[in-house]
Amino acid sequence: VAARAARPDADDSPVAFELFREACERPRAAAVFTAHPTFSLSAEASDALVRAACDGVGGGDESEPPPALRPAPPTLDAEFERAAAAMAAGRDALDRLAAAFLVEARAIWPKRWAGLDPRPVLLASWVGYDTDGRTDIGWQDTMRLRLRMKELQLARFAEHLAALPASCVEALRERTETALDAVRAQLAACPGPGDTEPAAVQNFARA
């Protein structure tokens, strides 16, 4: 996709830089997904279906028994882990697409490529952690899981920064670590399920 955007005819000259910028910066598609699993299948069966859809095979040893179809009773934490994994996979895919555009641009426009902001596809997910129709989610769970998602996103960002020269991103690394420390302190102070003791709530508010 990135190569065709830069050079629609592989045997001809590349397009003008501004045309390439429009191709990689103007969103061409956007989608919002409900990111929590439905638990109609076990996690193992769902993974086998994904592998089959992606590469045409089940992705396992045929001598092994097939995965159980019926899932175990779902838990809120299990739902969160599956949702977080799905969102991370989507983010990784977007990063690979953006990287392809940047690599293509760097090879053709070595002095201009760094000013690009690739975003040809927009993906979003909705996980509300709300209590509508459910009795297993309290406000403490909502806060804890949202903070956990924030921690995962900051940790992912920190991991990417670690791959860059320290001289370029030192201030940003320090700011990210400060944010991670703050989120982890909030997580540690978050009341447990059903804990409505005033002291616990006040401690969380202070954090």
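Which helix is Leu102 found in? Hi everyone, let's start there: Leu102 sits in helix H4. Helices here are DSSP runs of H or I with at least four residues, strands are E runs of at least two, and both are numbered from the N terminus.

A quick word on the model. This is a predicted model, where local features need pLDDT of at least 70 and side-chain atom pairs count only at pLDDT 80 or more, while totals for chains, interfaces and linings use all residues. Residues are numbered from 1 along each chain as its sequence is written, and side-chain values use heavy atoms, with hydrogens and water left out.

Back to our leucine. Leaving aside residues up to four places away in sequence, Leu102 touches Trp113, Leu116 and Pro118; a contact means heavy atoms within 4.5 Å. Leu102 and Trp113 are 11 residues apart in sequence, and their C-alpha atoms are 6.5 Å apart in space.

Now let's zoom out. The protein chain has seven helices and two strands, and from the N terminus on they run α-α-β-α-α-β-α-α-α. Of the 207 residues, 25% are buried. Among contacts with a separation of 6 or more, 69% join residues 24 or more positions apart.

Next, a helix pair. H4 covers residues 76–108 and H5 covers residues 139–162; they pack at an angle of about 30°, with axes 12 Å apart. The axes are lines fitted to C-alpha atoms over the stretch in contact, and angles between N-to-C directions run from 0 to 180 degrees. That makes H4 roughly parallel to H5, since angles under 35 degrees get that label. Who meets whom? On the H4 side, the residues include Leu76, Phe80 and Met87, and on the H5 side they include Leu145, Met149 and Leu152. By class, this contact has seven nonpolar, one polar and eight charged residues. Here Ala, Val, Leu, Ile, Met, Phe, Trp, Tyr, Cys and Pro are nonpolar, Asp, Glu, Lys and Arg are charged, and the others, Gly among them, are polar.

Finally, helix H2. Which residues of H2 (residues 17–25) are buried? They are Phe17, Phe20, Ala23, Cys24 and Glu25. Their cover includes helix H1 (2–6) and our friend H4.

Conventions: Angles under 35 degrees count as roughly parallel, over 145 as roughly antiparallel, 65 to 115 as roughly perpendicular and the rest as oblique. Buried means under 20% relative accessible area, exposed over 50%, partly exposed in between (1.4 Å probe, protein chains only).
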